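Please go through the following report with the sequence and the coordinates open beside it.

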Amino acid sequence: MSRPPFLTLPACARAYRLATSRGEFAVHEALPAATPRGTALLVPGFTGSKEDFIALLEPLAAAGYRTVAVDGRGQHETEGPRGTTGAYEQAELARDVHAQAVALGGDVHLLGHSLGGLIARAAVLEDASPYRSLTLMGSGPAAICAPQQARTRMLVDALGALDMDAVWQEMRRLDGEAAKPAEAVENAPAGPVDPALGAFLYRRWMATAREQLMTTGAQLVAEPDRTAELAAVPLPKHVVSGVRDYVWPVPSIDAMAEELSAARTVIDGAEHSPNAERPAATAGALARFWDLS
């Protein structure tokens with residue numbers, strides 16, 4: 001889970017609900033001052049939301065890109081069905097991404113972070129026509145590494161037995177830090193949380209559908225390697241990571257990028273969430289790739 005470095009939208013951005021053929025999705029959209037060079041659609045990861053990309057909005061708009069960060073179905077401010085898990089299967093979430101890209105006019109630079117990378121990959125494999133390029137950020141070739149599988153199974157089991165607040169409190173206890181239940185799942189480094197950010201993380205956790213978390217958590221521990229399939233898709237590809245990643249080891253990300261013949265960027269000083277940890281460097285790398293795509 002990314003921790004946004006701040007929560008206030010820049011002046012170039014607005015929050016609204018994007019109408020698509022598959023319903024409305026809460027988004028943040030940033031617009032450049034001049035005619036956009038292109039449109040980017042940013043898909044967040046497990047336990048995440050559009051706010052994970054908030055620090056990218058202004059620099060990407062300054063680089064000329066219309067940038068749209070989305071809450072997927074059942075995430076934070078986008079509603080999702082309760083009492084059923086079928087709506088959150090990967091194929092359904094991928095079709096949501098397709099609908100979002102079409103609603104934005106197509107020819108979209110698609111970026112998925114972490115779990116969002118797996119969903120973005122599935123969207124491209126189903127139908128690559130609405131996309132101009134694909135970026136996988138902090139996302140690997142298959143299931144997450146064994147220690148993170150154990151942590152994610154623990155979370156999924158807890159969600160099946162306890163209410164959301166109780167799971168939050170238990171994960172806080174295990175992590176040893178307030179307002180970081182899901183970060184224990186992804187083994188992010190500990191550190192103090194600003195009270196306003198902590199309050200946001202709690203609200204986001206409570207607003208996210210339990211069924212979405214349980215279903216996508218199961219996807220993370222069972223995802224097959226589809227790198228060869230993706231390599232066959234004639235679309236420019238970019239693989240971005242930090243210098244370390246506790247969810248997918250960086251050597252596995254390197255190998256995936258090589259098999260994809262993808263552009264490869266390692267963000268100095270970043271770990272699993274370059275979007276939040278080193279947003280300026282990450283935005284620069286993204287814009288340079290999109291300029292050439």
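## Strands and their pairing

Gly38 has Tyr65, in strand β4, as its bridge partner, and this pair belongs to the five bridges by which β3 and β4 are joined in parallel. The model is a predicted one, in which local features need a pLDDT of at least 70 and side-chain atom pairs count only at pLDDT 80 or more, while totals for chains, interfaces and linings use all residues. Residues are numbered from 1 along each chain as its sequence is written, and side-chain values use heavy atoms, with hydrogens and water left out. Helices (H or I, at least four residues) and strands (E, at least two) are DSSP runs numbered from the N terminus, and two strands are said to pair if DSSP finds at least two bridges between them.

Strand β4 also pairs with β2, here in the antiparallel sense and over four bridges, with His28 standing opposite Ala69 of β4. Strand β1 (residues 13-20) runs antiparallel to β2 and is joined to it by eight bridges; a hairpin of two residues connects β1 to β2, and Thr20 has Gly23 of β2 as its bridge partner.

## Burial of strand β4

Which residues cover the two faces of β4? On one side Tyr65, Thr67 and Ala69 are buried, and on the other Arg66, Val68 and Val70 are buried too, where buried means under 20% relative accessible area, exposed over 50%, and partly exposed in between (1.4 Å probe, protein chains only). In strand β4 (residues 65-70), six of the six residues are thus buried.

Gln100 lies in helix α2 (residues 90-103) and counts as buried because its relative accessible area is 2%. Apart from residues up to four places away in sequence, Gln100 touches Leu18, Thr20, Phe25, Leu41 and Val70, a contact being heavy atoms within 4.5 Å.

Ala61, in helix α1 (residues 54-62), is likewise buried, at 6% relative accessibility. With neighbours within four places in sequence set aside, the contacts of Ala61 are Cys12, Ala30, Leu31, Pro32 and Thr67.

## Helix α5

Helix α5 (residues 164-175) has 12 residues and spans 16 Å from its first C-alpha to its last, close to the expected 16 Å, a value taken as 1.5 Å times one less than the number of residues. Its buried residues are Met164, Val167, Trp168, Met171 and Asp175. These lie on the same side of α5 because they cover an arc of only 105° around the axis, the arc being that of the directions from the helix axis to the C-beta atoms.

## Confidence

The protein chain has an average pLDDT of 93, and 94% of the residues score at least 70, pLDDT being the predictor's confidence in each residue, from 0 to 100. Over residues 177-190, however, the pLDDT is below 50, although this stretch has 56 contacts in the model beyond near neighbours in sequence. Where pLDDT is low, the predicted coordinates should not be read in detail.
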